[in-house]
Amino acid sequence: MKNLRLYIFLYFTSAMALDVVYRSLDGVTRGRPSHWQEILIEQATGYYGAMALLPALFWVASRWRFRLSITTIGIHAIALVCFSILHTSLLWGSRTLLFPLLGLGQYDYGDMSVRYFMEFPSDVIAYAMWLAAFSIYKNWLRTKDLETQLVSARLENLSHQLQPHFLFNALNAVSATMYEDLGRADRMLERICDFLRSTLRLPDSPMVPVSTEINLARQYLEVMQARLEDRLHFEILCDPKAESCTVPALLLQPLVENAVEHGQDPVSGCLDIGIEVRHNGNSIGITIRDHGRGVLSNNSNGHGLSNAERRLKTVYGPAATLRLTGHPQGGAVVEVQIPT
């Protein structure tokens, strides 16, 4: 959690201020002078003295997580006694020093042999409260780390599913072309190697920049262009502001593959695919359009679209969307919205 120290400081300051107001008004309601200056110093030294001891308390709590065992309870009992002795000693020393400096006279803290026992119950409450708060915070951090690791593992598993799927389709395409045009099959193999080399160079992180995804999509379309030649045309437009934003690795490739598989014009048999990436302030919009038969030919999402949808839900939950719709002028449109 960011600014944790600031939040702790604000808590102690707010609690101290409210306590000063309460104690000052209590004197007023009883018809006595409020002596707010003395109350302010007493409460400030009390609260900030406890805050100064928190690092030591957190160190003990991190070394010996509280459990219902004789050893752990004994360690925390000793730590509690030390905490109370140090806190009461800080109160006595700081108030003895500050009262004369601020012109409030000598400070009388009473019989110290009794005072240590008097302050102990309130220190028990403070120690127990901050020990519980620290334990809850550490458990939250562990849960958050586990969730992050689980998301990464799921995303990595889904990404690995795509690579053999693409390779299977690509090699099938080469096999079909080999007997028609050996030179064209050779060009396809060369571009497939370029594409696979790029995927192998992807970082270990399941998230990559949009620019990397655009480059992979272009390489994939070049592989298909080597096979289909003049029957495939594609255009890629990317907002420069979106290039550095991160998205799940290999997100675009299965969506583009789906457009290639289902996006042939029913009359000419040609493929015309458009990819556009926009930066919309707090989100990225990705649109992939083909000129095929429309949603009717894509009513089964297939491996690629379902994989992309699962990965978006894994990373972003309901904040990201994937929609497959028909274009008014024909063809299908895949629209993806991803928060930045």
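A residue is called buried when its relative accessible area is under 20%. Keep that cut-off in mind, and remember that you are looking at a predicted model.

**Stop 1: the whole protein**

Start with everything in cartoon view. The protein has eight helices and seven strands. Of the 340 residues, 37% count as buried.

**Stop 2: Leu80**

Is Leu80 buried or exposed? Its relative accessible area is 13%, so Leu80 is buried. Next, show the residues around Leu80. Beyond its neighbours within four places in sequence, Leu80 is in contact with Phe120, Asp123, Val124 and Tyr127. Try the distance tool on Leu80 and Tyr127: they are 47 residues apart in sequence, while their C-alpha atoms are 6.6 Å apart in space.

**Stop 3: two helices side by side**

Now select residues 210-228, helix H6, and residues 252-262, helix H7. Their axes come within 9 Å and cross at roughly 30 degrees, and H6 and H7 are therefore roughly parallel to each other. The crossing of H6 past H7 is right-handed.

Show side chains to see who makes the contact. From H6 come Glu213, Ile214, Ala217, Tyr220, Leu221 and Met224, and from H7 come Leu252, Gln253, Val256, Glu257 and Val260. Colour them by type, and you will find eight nonpolar, one polar and two charged residues.

Notes
Residues are numbered from 1 along each chain as its sequence is written. This is a predicted model: local features need pLDDT of at least 70, side-chain atom pairs count only at pLDDT 80 or more; totals for chains, interfaces and linings use all residues. Side-chain values use heavy atoms; hydrogens and water are left out. Axes are lines fitted to C-alpha atoms, for helices over the stretch in contact, and angles run from 0 to 180 degrees between N-to-C directions. Helices (H or I, at least four residues) and strands (E, at least two) are DSSP runs, numbered from the N terminus. Angles under 35 degrees count as roughly parallel, over 145 as roughly antiparallel, 65 to 115 as roughly perpendicular and the rest as oblique. A crossing is left-handed if the near helix is turned anticlockwise from the far one by less than a right angle, and right-handed if clockwise. Contact means heavy atoms within 4.5 Å. Ala, Val, Leu, Ile, Met, Phe, Trp, Tyr, Cys and Pro count as nonpolar, Asp, Glu, Lys and Arg as charged, and the others, Gly among them, as polar. Buried means under 20% relative accessible area, exposed over 50%, partly exposed in between (1.4 Å probe, protein chains only).
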